[in-house]
Amino acid sequence: MKTTIKHVCGHVSTVQLYGSARDRAGKEKWLSGQPCLECKRNGQLAAAQAAVGGLGSLPELEGSEKQKAWALDIRATWLRRMAENAARYGDKAEMVREALIEAAASRLSAAWWIDNRHNLNAALAPAYEEALRRRGATE
Ligand SMILES: [Zn+2]
């Protein structure tokens, strides 16, 4: 049965669902909780870029070798997770990802990343919002 799904990213797609009415309803509910295929693909692409290319272009951290290794891991994990989440912003996902990378690049102290590792969203929010504003985000 052809069914129109409204995804979390705000896009709509039409999919062919099979099975009993209950199976289809379950599938529909699950799909509507997911970003559309295109956003998913973009999200995965961005996450992969953040993991390799994007992170490669981030500045070196300052601190002892031990601190740097730990902080790099914290930074990479945070960025990867946030870049994946950015898929839900649909058209703005790319801008959100750039702002995230810029926010991450604004902190060079390994000790800072370690100290804030449990609270990175809040700690990086000002830099992130500033980066978004500079990109002309209206929200
Ligand atoms: Zn979408």
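**The whole chain**

The model is predicted: local features require pLDDT of at least 70 and side-chain atom pairs pLDDT 80 or more, while totals for chains, interfaces and linings use all residues. Residues are numbered from 1 along each chain as its sequence is written.

Display the protein chain as a cartoon. The secondary structure comes to 6 helices and 2 strands, where helices (H or I, at least four residues) and strands (E, at least two) are DSSP runs numbered from the N terminus. Along the sequence the pattern reads β-β-α-α-α-α-α-α. Of the 139 residues, 26% are buried; a residue is buried if 20 or more other C-beta atoms lie within 10 Å of its own, exposed if 12 or fewer, and partly exposed in between, with C-beta atoms placed from the backbone.

**Helix α4**

Select residues 93-105, which form helix α4. Its 13 residues reach 18 Å from first C-alpha to last, close to the 18 Å expected; the expected span is 1.5 Å times one less than the number of residues. Colour the buried residues of α4, namely Ala93, Val96, Arg97, Ala99, Leu100, Ile101, Ala103 and Ala104.

Remain in α4 and select glutamate 98. Glutamate 98 is partly exposed, with 17 other C-beta atoms within 10 Å. A C-alpha to C-alpha distance from glutamate 98 to alanine 131 gives 8.2 Å, although the two are 33 residues apart in sequence.

Two packed helices are described by the angle between their axes and the distance between the axes.

Show the side chains where the helices meet: Arg75, Leu79, Met82 and Ala83 in α3, and Arg97, Leu100, Ile101 and Ala104 in α4. Residues are in contact if their C-beta atoms, placed from the backbone, lie within 7 Å. The residues of this contact divide into 6 nonpolar, no polar and 2 charged; Ala, Val, Leu, Ile, Met, Phe, Trp, Tyr, Cys and Pro count as nonpolar, Asp, Glu, Lys and Arg as charged, and the others, Gly among them, as polar.

**Arginine 41**

Finally, select arginine 41 in helix α2 (residues 37-56). Arginine 41 is exposed, with 12 other C-beta atoms within 10 Å. Its C-alpha atom is separated by 8.6 Å from that of alanine 87, 46 residues apart along the chain.

Notes. Two residues are in contact if their C-beta atoms, placed from the backbone, lie within 7 Å.
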